[in-house]
Amino acid sequence: MNLNTITSVKRPASVDDVGPWRDGYSWLAGGTWLFSEPQVAVDTLIDLDSLGWTPLAVTEAGLEIAATCRIVDLHKFKGPADWRAVPLFQNCIDAFLMSFKIWNAATVGGNVCMSLPAGAMVSLTAALEGVCTLWPRDGAPRQVPVVDFVTGNHQNVLQKGELLRSVLLPASALKKRYAMRQVSLTHLGRSAALIVGTVGDKGDDFLLTVTAATPRPFHFRFARVPSAAELRQAIDDLLPADAWFADVHGSAPYKRHVTHYLVEQIRAELA
Ligand SMILES: Cc1cc2nc3c(=O)[nH]c(=O)nc-3n(C[C@H](O)[C@H](O)[C@H](O)COP(=O)(O)OP(=O)(O)OC[C@H]3O[C@@H](n4cnc5c(N)ncnc54)[C@H](O)[C@@H]3O)c2cc1C
């Protein structure tokens, strides 16, 4: 849709060119959400594309995903042979409810910053222990794990004007085995639960990430693969009945039920 409140579009070569932040400014990534509904409080879009960030960089530390990396580019990524979790990129992207336009235009950063419970890039980057680099308007860059970045449905830790620069997926997480399950109440519908388990080579460092069924991602970490009862108890301890996300894509009891059902499949597969 046309955004008829917009009077200016900035295309800075560097974030320093943006100047002081003010109400009415908005970062523009792929624009797939921004242009999907009226943005009455926004008069100026600041296009991140002109910053020219390298979408994907493989380093010793892991994979650095620029916020502006497009979903379609992440889908094509082939990592080093020992990064066994890379196929999870495609699994999560395929769980994304999206049209051709969103597939080609939406960015990883845009999806993470939307911070929706069924945000497929939130699920992926939280499960692979991603760490966000944030650029505040004033002050030094700061690092926040993805699992702490999203604080609720469409809520996150970004301060006014703060920019998500990148997400680092550590090589240690990319080398782990994984199992993933996703379920939607309707065919091709938004995820009601998207759950990922990862584990080290020797059955160590088991991490379960619950997303979509809850307003924000949750981690359950164990030194070894836990028993079914231990894992169930840990989930029930952290997530009481009112901690589940109820919407048209599933009631809270339904999401709790499918989560337990899928978690046991994941646990058994990785054990
Ligand atoms: C029909 C439809 C169906 C959808 N279904 C799903 C779904 O199933 N699951 C799901 O997760 N999402 C879904 N979405 C929303 C989806 O999350 C967004 O369309 C997309 O991920 C946003 O990415 P973008 O790059 O286009 O961001 P934009 O639309 O450009 O930006 C989104 C928001 O993030 C801010 N932002 C973007 N990048 C940054 C950054 N680097 N730093 C700080 N702020 C930033 C923008 O200012 C804006 O507020 C759907 C959207 C539509 C329109």
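The ligand sits in the largest pocket of this predicted model. A total of 29 residues surround the ligand, and the protein covers 87% of the 970 Å² of accessible area that the ligand has on its own.

**Residues around the ligand**
- The closest of the surrounding residues are W27, G30, G31, T32 and T107.
- By residue class, the shell around the ligand consists of 18 nonpolar, 9 polar and 2 charged residues.

**Parts of the chain that form the shell**
- Domain 1 (8–46) and domain 2 (56–172) each contribute at least three residues to the shell around the ligand.
- At least two residues of the shell come from each of β2 (25–28), α4 (108–114) and β10 (163–170).
- Among the contributing elements, α4 gives the most to the shell, namely 4 residues.

**Polar contacts with the ligand**
- W27, one of the closest residues, has a polar backbone atom 2.6 Å from an oxygen atom of the ligand.
- T107, also listed among the closest residues, places a polar side-chain atom 2.7 Å from an oxygen atom of the ligand.
- A nitrogen atom of the ligand lies 3.2 Å from a backbone N or O atom of A118.

Technical notes:
Residues are numbered from 1 along each chain as its sequence is written. This is a predicted model: local features need pLDDT of at least 70, side-chain atom pairs count only at pLDDT 80 or more; totals for chains, interfaces and linings use all residues. Side-chain values use heavy atoms; hydrogens and water are left out. A residue is near a molecule or strand if one of its heavy atoms lies within 4 Å of it. A polar contact is a pair of N or O atoms within 3.5 Å; within protein, one must be able to donate a hydrogen and the other to accept it, and residues adjacent in sequence count only if both atoms are side-chain atoms. Accessible areas come from the Shrake-Rupley method with a 1.4 Å probe; for residues, only the protein chains shown count as cover. On a 1 Å grid over the protein atoms alone, a cavity is a set of points where a 1.4 Å probe fits but cannot get out, and a pocket is an open set with protein on both sides within 12 Å along at least five of seven lines; lining residues have an atom within 4 Å of a point. A molecule sits in a cavity or pocket if more than half of its atoms lie within 2 Å of its grid points. Ala, Val, Leu, Ile, Met, Phe, Trp, Tyr, Cys and Pro count as nonpolar, Asp, Glu, Lys and Arg as charged, and the others, Gly among them, as polar. Domain bounds come from an automatic or database domain assignment.
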